[in-house]
Amino acid sequence: MPCDTLWDIAKAEVERRENIADDGDGTEVWEKSIFFMGNKNGGKTTIILRCLDRDEIPKPTLALEYTFGRRAKGHNTPKDIAHFWELGSGTSLLDLIHIPITTVNVRTFAIVLVLDLSKPNELWLTMENLLRVTRSHVDKLVTKLGKTNPKAATEIKQRQRSNMQKDHPVRFFYKYDIFHEFDSEIKKMICKTLRFVAHYYGFTTKSDALLKARGLINHLAFGFDRSKSLSVDQNKPLFIPAGMDSLSQIGPPPASDSDIGKLHAQTPVDLWKKVFEKTFPPKNISDLKDVKDTAQDPQYAEYEVDAMRAQKNQRKYKQSIILSWNSGKCLK
């Protein structure tokens, strides 16, 4: 019987590692990637630091930041690695979404969308824009992956069409402290809307204290067992694992039949959006963009870089003066 070629051995090794990554068994190191995005100042950095047991004061995220964590599942076992990416500035930097999600890691990637419940007028627009760009990018990656690894692309598509009882690449967290003081009807509107969106897209819904958030992050990052509890009470923090809610339990949008009939929605998502935005008119998208020049922020000051930048700005200013002077002379 002929011996396997070097290529056959390498191929078998890759398949073996992929199988380990899929089922979480074995003792070898696995790697997961988690991408945090959402409202500006919504608590993304705080969640990451708390989950990595880092006692640091959170700093504003400049653009796209990266860190990692290592953790062992048991005694004398290799430490698994989790890569944490964070997108700053809300919806201002959508073009950066394609950087952390690639064909290499798309099969082991999770997205944590952090929405600030204290700002309901920004909630839907932030969620919609981030999910739209992310979904478009992932679809392109799956199409590209299908040309080189049809089996992997098919598995991803099957997971998207599944009943969502398995892990799904997107998870929700919600800031809860200020939201808790809202009027009961306001909380009802927000909670039901988020439950519908989460169920429609197959997300896990969670609005809980940071300490309890660690359990879900550890599950996504390191494969630890996750909580199977369920909480749908609008007066308490929500926790709804993917696949455990239903449209019948969520009910219709919180609006009268006459109001719903006047909305002329084309899809269920469009209907919920219009009902939600009737109560919480969305802010203009330009209001959500970070117009502050981060290069002038003292926390990012670097003498050599700033000195070169000042020289460059000065040269540009002199050139603009010369151009304006020359153009004036020509006019004469």
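A: Leu 131 is a buried residue, with a relative accessible area of 14%, where buried means under 20%, exposed over 50% and partly exposed in between, with a 1.4 Å probe and protein chains only. What you see is a predicted model, in which local features need pLDDT of at least 70 and side-chain atom pairs count only at pLDDT 80 or more, while totals for chains, interfaces and linings use all residues. Residues are numbered from 1 along each chain as its sequence is written, and side-chain values use heavy atoms, with hydrogens and water left out.

Leu 131 belongs to helix α3; helices (H or I, at least four residues) and strands (E, at least two) are DSSP runs, numbered from the N terminus. Once its neighbours within four places in sequence are set aside, Leu 131 is in contact with Leu 113 and Phe 203, contact being heavy atoms within 4.5 Å. From Leu 131 to Ile 111 there are 20 residues in sequence, and the C-alpha to C-alpha separation in space is 9.8 Å.

From α3 the picture can be carried on to α9, whose buried residues pack against α3 (120-148), as well as against α5 (184-201), α7 (247-250) and α8 (257-261). The buried residues of α9 are Val 269, Leu 271, Trp 272, Val 275, Phe 276 and Glu 277. In the protein chain, confidence is highest in α9, at a mean of 93, and lowest in helix α1 (residues 6-23), at 58, as scored by pLDDT, the predictor's confidence in each residue from 0 to 100. The protein chain averages a pLDDT of 79, and 74% of the residues score at least 70.

Phe 276 also forms one aromatic cluster with Trp 124 and Phe 280. Rings of Phe, Tyr and Trp (its six-membered ring) pair if their centres lie within 6.5 Å, and planes under 30 degrees apart count as stacked, over 60 as edge-to-face and the rest as tilted. By this rule there are eight aromatic pairs. In one of them, the ring centres of Phe 35 and Phe 109 are 6.4 Å apart and the planes stand at 80°, so the pair is edge-to-face. This pair links distant parts of the chain, with Phe 35 in strand β1 (residues 31-38) and Phe 109 in strand β4 (residues 109-116), 74 residues apart. Phe 35 counts as buried at 0% relative accessibility, and Phe 109 counts as buried at 8%. For Phe 179 and Phe 182 the centres are 5.8 Å apart and the planes at 65°, so this pair is edge-to-face. Here Phe 179 is buried at 1% relative accessibility, whereas Phe 182, at 22%, counts as partly exposed.

Among the contacts in the protein chain with a separation of 6 or more, 71% are between residues 24 or more positions apart.
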